[in-house]
Amino acid sequence: MKKQIICAILAISLLFAFAGCSGKPASQENTPSQTPSREETTTPAAQAVPEKVKFSLWHSYVGTDQRAPFMEARMSQFREQYPNYEIDEQKIPRDQYQTKLKTQAAAGQLPDAFVVWPNAMTIEFATSNLLADINDLLERNPEWRDGFVSRALDEFTVDGKTYSAGLGVSVTSIVFYNKALFDKYNLSYPQSYEELKNVITTFVKNGVIPIAHGNKPKWPAQSTIFSLMANRETGSEWLDNVLAKNGAQFTDPEFIRALEKFEEITKLGAFNKDFISLDNVQMRDYFYKGQAAMMIDGSWAVPDVIAKAPEDLKANIELDILPGFEGGKGDPNVMSGVSATGIAINKKVSPQQKAAIEDLIVFLTNSEAQQMYAEYNIPVSYKNVTIDKSKADPIYIKLTELISKHPLVTVYDSALNSELTEIVNNGIQGIMVGKQTPEEVAKQLQAAVK
Amino acid sequence: MELISRNRKYIFIGLFPAVALYIIFVIYPIVRSFFYGFYEWNGLGEPIYIGLKNFQDILKDNIFWLSFKNNIFVVVASILGQIPLGLFLAIVLNSKLKGAGFFRSVLFIPMILSTVVVGLLWSTLLNYQMGVVNYILQSLGLEKLALDWLGNPDIAMYTVCAVIIWQFFSLYMIIFLAALQNIPNDILEAANIDGANELRKFFSITLPMLWPTVMTAVVLCISGSMRSFDLVYVMTQGGPANATELMATYMYNKTFSVYKYGYGSAVSLVIFVISFGLILISQSLMRKKNSDR
């Protein structure tokens with residue numbers, strides 16, 4: 001009896017082993033014969049010898065992500081154009097994406113291609129020797145390379161090696177405001193910090209929420225409001241100097257002033273009372289219902305505003321940036337933003353896989369893709385993209401105008417490593433609920449600078 | 001005993017697969033993660049050996065000690081909340097109440113729900129703006145009591161504890177119910193004949209006979225609360241401003257959102273030592289109580 005069972009188990013496992021052996025060659029033989037008709041019609045010489053290439057791709061363009069519909073459409077085009085590429089595509093919601101990816105990295109099992117964030121995360125991965133650069137790809141495609149706005153490549157460049165190209169740009173600090181409410185209380189859009197305070201107190205007095213805000217996920221206050229407030233006080237070089245330990249520190253008075261101003265507007269009642277229990281999507285309701293005069297959010301909110309804001313409100317929505325601060329060292333004309341995420345290549349991939357992934361990177365960022373960004377209301381990362389104003393939504397046009405007028409400066413959570421980001425996010429939340437003082441937060445940050 | 005020694009070989013063979021799996025998938029990773037506690041590692045590059053620095057940092061880490069304090073608070077709240085509540089309901093259900101079976105099932109529901117469901121359920125109910133709890137309070141004219149239950153750092157910890165108690169009291173209720181049914185009826189009948197009232201019977205008969213069960217429940221309660229993580233993670237993620245941070249959520253944050261694997265491992269080692277110490281203390285207390293009698 002026992003022997004019979006063992007025999008049976010062995011026999012079954014043998015079956016699997018054989019299946020494993022025969023699987024690959026069979027599929028390699030099959031595919032060319034399956035697809036020739038398509039290839040002849042679509043592609044020239046490059047695919048004369050279509051070799052089956054398989055690679056895994058992890059990205060976070062899924063669910064409510066702004067790029068989800070774009071990615072879906074573009075990936076199906078990609079599959080159509082390159083039928084010899086077999087892509088194992090894993091879509092992971094943004095909140096879990098970094099955790100999953102970094103856990104995988106710790107285990108030494110990164111996928112072949114994956115989305116990385118610019119600046120701090122790219123530096124982390126590149127210096128740990130996990131990424132293959134795309135310098136030669138850029139050399140080979142000068143036209144593609146030169147189309148980009150500089151930050152779309154620069155922010156993925158470490159020590160002269162570029163690792164990815166951003167799928168558009170993310171502006172993080174757009175003030176969406178309801179012009180009708182400003183008019184109703186005889187206010188004009190603030191041009192200085194004093195005016196901003198005046199606007200806030202006027203709205204509070206009249207029972208209007210000055211700024212709709214939801215900080216439950218901890219990053220929105222830092223990314224959408226504080227990054228730019230800090231820049232207004234400190235200027236753009238300062239943060240680089242702090243991180244490079246180049247004569248500047250988080251405990252410098254200008255940074256503390258920025259934190260104090262943030263504390264001050266919170267105490268004035270700038271935000272809805274339940275900002276701590278709402279997330280950055282729920283907060284938009286206050287603005288859409290006309291209960292809040294302003295909302296500070298990133299360009300990722302634009303599709304949502306276009307889709308969900310009521311028509312009568314939409315006509316009154318204007319886009320602007322935070323005013324300059326009197327006495328601040330920052331340029332009052334800049335706004336905060338970064339390159340969007342991009343696809344990077346695992347160092348361990350084979351040359352064929354690398355070529356395939358490079359095709360994908362180009363395909364997702366070339367001029368045709370840039371046109372599609374515009375269709376999906378994503379800010380483009382090419383310099384010259386003509387936007388069809390008759391088709392585009394007025395709010396998207398306002399967004400592109402805003403971007404063209406104001407140069408971008410970095411966002412804190414993009415420039416800081418994960419530890420400092422955690423401290424600044426928690427610190428700002430602590431200041432908002434009165435549990436921490438600006439000096440304490442500044443000290444904690446400085447203590448963690450390495 | 002002789003039987004055991006005679007069959008030692010077979011016992012070993014029989015246990016081997018389970019023990020091997022346990023060692024590979026439980027013991028080894030635990031020991032391994034303790035080693036990481038002596039390294040600085042972000043998960044990407046090579047780990048750097050830094051000796052006891054992580055542990056020194058933990059001693060100075062205010063947020064860790066805040067989370068420790070919160071954890072002890074959860075332990076105390078669970079012991080003082082879940083056990084008396086469970087005991088009380090068990091006694092009520094054990095009396096010949098009509099529909100006891102129905103109430104028993106209903107009261108047991110929180111226990112069988114997944115923690116994530118419970119967390120989301122209560123986050124919605126307790127929502128400051130749209131939550132049912134505040135709606136009821138407002139319609140009763142108690143606007144002042146309609147608080148931002150999970151958003152106010154001064155009360156969030158109490159709210160979280162209340163939800164923890166709500167979810168787990170029924171476990172203790174069932175344990176006590178089973179123990180109550182083991183109390184022989186003749187003792188209670190004898191007490192009846194002696195003219196003891198209900199209160200007297202409870203303190204002189206029921207409670208002493210339940211005492212070993214109560215102590216078991218306390219140990220369960222301590223170990224359960226020390227490792228509580230999921231409810232807090234779903235409801236507040238340790239926020240606002242670390243007000244509801246527990247040791248486990250702190251360890252998770254340090255490891256998986258700040259990517260300090262070394263530091264996270266060191267924190268988990270400290271949690272291990274603290275929990276182990278608490279369990280040892282409670283067990284030695286229990287043994288003392290047992291030998292007293």
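## Open sheet of chain A

In this predicted model, five strands of chain A form an open sheet with mixed pairing, in the order E2-E1-E3-E13-E4. Strands (E, at least two residues) and helices (H or I, at least four) are DSSP runs numbered from the N terminus, and two strands pair if DSSP finds at least two bridges between them. Strand E2 (85-91) and strand E4 (131-132) of chain A stand at the edges with a single partner strand each, so one side of each lacks a neighbour in the sheet.

Strand E3 (residues 113-116) and strand E13 (residues 342-346) of chain A pair in the antiparallel sense over four bridges. A:Ala113 stands opposite A:Ile345 in E13(A).

## Helix H22 of chain A

Helix H22 (residues 438-447) of chain A has the buried residues A:Pro438, A:Val441, A:Ala442 and A:Leu445. A residue is buried if 20 or more other C-beta atoms lie within 10 Å of its own, and exposed if 12 or fewer do, with C-beta atoms placed from the backbone. The buried residues of H22(A) fall within an arc of 100° seen down the axis, so they line one face of the helix; the arc is that of the directions from the helix axis to the C-beta atoms.

These buried residues pack against helix H13 (253-267) and helix H21 (418-432) of chain A. The face turned away from the buried side of H22(A) carries the exposed residues A:Glu439 and A:Ala447.

## Contact between chains A and B

In chain B, 21 residues are in contact (C-beta atoms, placed from the backbone, within 7 Å) with 21 residues of chain A.

## Conventions

Residues are numbered from 1 along each chain as its sequence is written, and chains are lettered from A and ligands numbered from 1 in the order in which they are written. Local features need pLDDT of at least 70 and side-chain atom pairs count only at pLDDT 80 or more, while totals for chains, interfaces and linings use all residues.

How values were computed:
Contact = placed C-beta atoms within 7 Å.
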